[in-house]
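This briefing goes through the structure shown below, grouped by topic. Confidence and overall make-up come before local details.

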Amino acid sequence: MTEIGDSETNGSPRVGRRGFLTGAAAVAATAAAPAALQLAAGSPAAAAGATRPNILLIVTDDQPKHTEWATPQIVNWITGNGVRFTNGHVTTPLCAPSRSSVFSGRYAHNHGVRNNGASHSLDQHTTVQRYLRQAGYRTGLFGKYLNSWTLADNPPHFEEWALLQPAYNNASWNINGSVQTLTGYTTNIIRNRTLAFLDKAATDSRPWFAYVTPYASHEPNVPAAQYADTVVPPWNGRPSVPEADRSDKPGYIQNATATLADAQALRTRQLRTLLSVDDAVQAIHDKLVALGQLDNTLVIYLGDNGYTWADHGWLKKSVPYSPSHEVPFYLSWPAGGLGSGTTDNRIVANIDVAPTILDAAGITPDTPQDGHSLLTAHSRDHLLVEWWKQGTAAGGPPTWSSYVAKGKQYTEYYALHTDSNGTVSGTGEVKFREYYDLSADPYQLTNLLYGATPQQEQALGIPGLASQLAADRVA
C-alpha cells in the first residue's frame, strides 16, 4: 500500500493507538487487476444470488487522500476485504455539488447544483435513494446532507433520518421531522443513530440503504475530547508546498499565502477528527457481524472532496490541483465477489457511486447518468473535473474545468460565474490555461503552457485536449 508510511503521506508510520493494516489488508497491496474482472459475466447483482445487498454509503467531509493513518480500522475492513481504488476523484471539489453527484451519478453541469447555495436545484427524482426506496429498500440518512438545505425540510426518499446542521458538538438536528438540539459529539451521535437503524434489520427483512456522513474532517476540525491531544506523525510537506516561483500559475495562486506550518496545523486537526470516524465505522462493522449481514452489504467509502495542504500556497479545496479532487475511495462486497482485498487503478469518481449501487441492487435507472458501475469492467481514459465561482467578488479561483488523465492534466479558466441558485453568467472567455505532465511532474510544479509557442502547444496535443474538454463540458 504505497500511500501508507511514505514521505508523501505521513512522514512516519502510525504507532501506539492500534495495530495497523495487518492481516487481510496486507493482501490488498499485492493485487492490481481491476476488481470488476473477478465478477462473473452478466449482471453483477447475479453474483450475490437472489438476495439483494444492503447498501452502506459513507461520505466524509473534506477528507484528503493521504489521511489513512487516522482510519486503520476502516482501511482494514473495507480495503482488506474489498477494493482500494487508487485513482479516486470527485468531479467537483466542493461539498454540495459533489454530494449531488454521488446521489445522482451526474456531473454538476447536468444536475444543476453548481455551488453550495444551490442544493434545492437537485432533481430528487434522479437520486439513488429514490430508486432504492421505490424498489423496497429501507432508507436512512445519518449526518450531513446538502449545504444550504433548510434544516426543517425533510430529506426526500429517506424513511428514517438524523439530519445534521453541520457542527461538532451540541448541534441542531432534524430527527425524523423534529428539529431539536442533541447534546454530544456529532460523530458519536451519527454512529449511534446508524446502529439503531441497523438493529431494526433483526425484525425487518427488507434490504436497507444507510447514508452515513459525518462532519469530519471539515473545518474547524474539532476532535472528540479523547483525541484532542493525540500526537500525529510528523509531516514535512511535499514539493508543491514550498514552491517558491508560482509565476506560471493563475493570479489567485500567485497571491496565495498558506505556509507549511498552516498545513501542518490543519492536517493535525483533520487527522484527530477522523479518529472518531474510524471508531464509528468499526462499530458499524461489528454490528453487521452481529446481525450476520456483513458479507451481503455493499460498502462504499469516499470523501466528498479533497483538500490542499498549502500546495502552491493554497489551503482549501475548489482548485484543479490533484490534492483537491483526489479522495480516498474504497468498496467492499464479499457476497458479490469483492471481498478478497485488491487494488484497482482505474480512474473512478463520485459519479460512479449511484450507478454501482443500482447495478448491485438490480435496478435499471430511468434518468440519465454520467457515471458507470464499478462492478463492470468499464474504464475511462480521462475524467472531467469542473468548478464554478459563485458571485463576482475578487479573489479565489475563477470558474474552471479540467481534463484529468493518469499522465496529464489540462485546465481552462473562464470568465464565468454563478449566482446563489447556480445560474451561470459571463462571456465564457478562456482567461488562463495550465497543462501538467503528471508522469514527470506529479506535484504540478511546471505549467508547460506558460510561455509556450504554438508549435510547442501542438506537440503537447493541446488543440485536441481543448476540443475534448469543450465536448465534455456540454455532454
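Among contacts between residues at least 6 apart in sequence, 72% join residues at least 24 apart. The model is predicted, and the protein averages a pLDDT of 91. Of its 475 residues, 59% count as buried.

**Confidence**

- A pLDDT of at least 70 is reached by 89% of the residues.
- Over residues 1-49, pLDDT stays under 50. For this stretch the model has 116 contacts beyond four places in sequence.

**Composition and surface**

- The protein holds 12 helices and 14 strands.

**Nonpolar cores**

- The largest nonpolar core has 44 residues. Within this core, Leu57, Phe209, Ile300, Phe329 and Ile357 touch the most other members.
- Helix α10, which spans residues 353-361, gives the largest share of this core, 6 residues.

**Helix α2**

- Helix α2 runs over residues 72-79 and is mostly covered, with 7 of its 8 residues buried.
- The buried residues of α2 are Pro72, Gln73, Ile74, Val75, Trp77, Ile78 and Thr79.

**Packing of α6 and α8**

- Helix α6 covers residues 186-199 and helix α8 covers residues 260-291. The two pack at an angle of about 10°, and their axes are 9 Å apart.
- Angles under 35 degrees count as roughly parallel, so α6 and α8 are roughly parallel to each other.
- On the α6 side, the residues that meet α8 are Thr187, Arg191, Thr194, Leu195, Leu198 and Asp199.
- On the α8 side, the residues that meet α6 are Ser276, Val277, Ala280, Ala283, Ile284, Lys287, Leu288 and Leu291.

**Cis peptide bonds**

- Most peptide bonds are trans.
- Ala216 and Ser217 are joined by a cis peptide bond with omega of about 10°. Ser217 lies in the loop between β7 (208-213) and α7 (251-254).
- Another cis peptide bond joins Glu219 and Pro220, where omega is about 10°. Pro220 is found in the loop between β7 and α7.

**Positive phi**

- Most residues other than glycine have a negative phi.
- Asn176 has a positive phi, near 50°. Its place is in the loop between β5 (172-175) and β6 (178-181).
- Is Asn176 buried or partly exposed? Asn176 counts as partly exposed because its relative accessibility is 42%, and the partly exposed range lies between under 20% for buried and over 50% for exposed.
- Gln444 also has a positive phi, near 55°. Gln444 is found in the loop between β14 (424-437) and α11 (454-460).
- Gln444 has 2% relative accessibility and therefore counts as buried.

Key:
Residues numbered from 1 in each chain as written. Predicted model: local features only at pLDDT ≥ 70, side-chain atom pairs only at ≥ 80, totals over all residues. Heavy atoms only, no water. pLDDT = per-residue confidence, 0-100. Contact = heavy atoms within 4.5 Å. Buried < 20%, exposed > 50% of the residue type's maximum accessible area, 1.4 Å probe, protein only. Helix = DSSP H or I, 4+ residues; strand = E, 2+ residues; numbered from the N terminus. Core = buried A, V, L, I, M, F, W, Y, C linked by side-chain atoms within 4.5 Å. Axes fitted to C-alpha atoms, helices over the stretch in contact; angles between N-to-C directions. Parallel < 35°, antiparallel > 145°, perpendicular 65-115°, else oblique.
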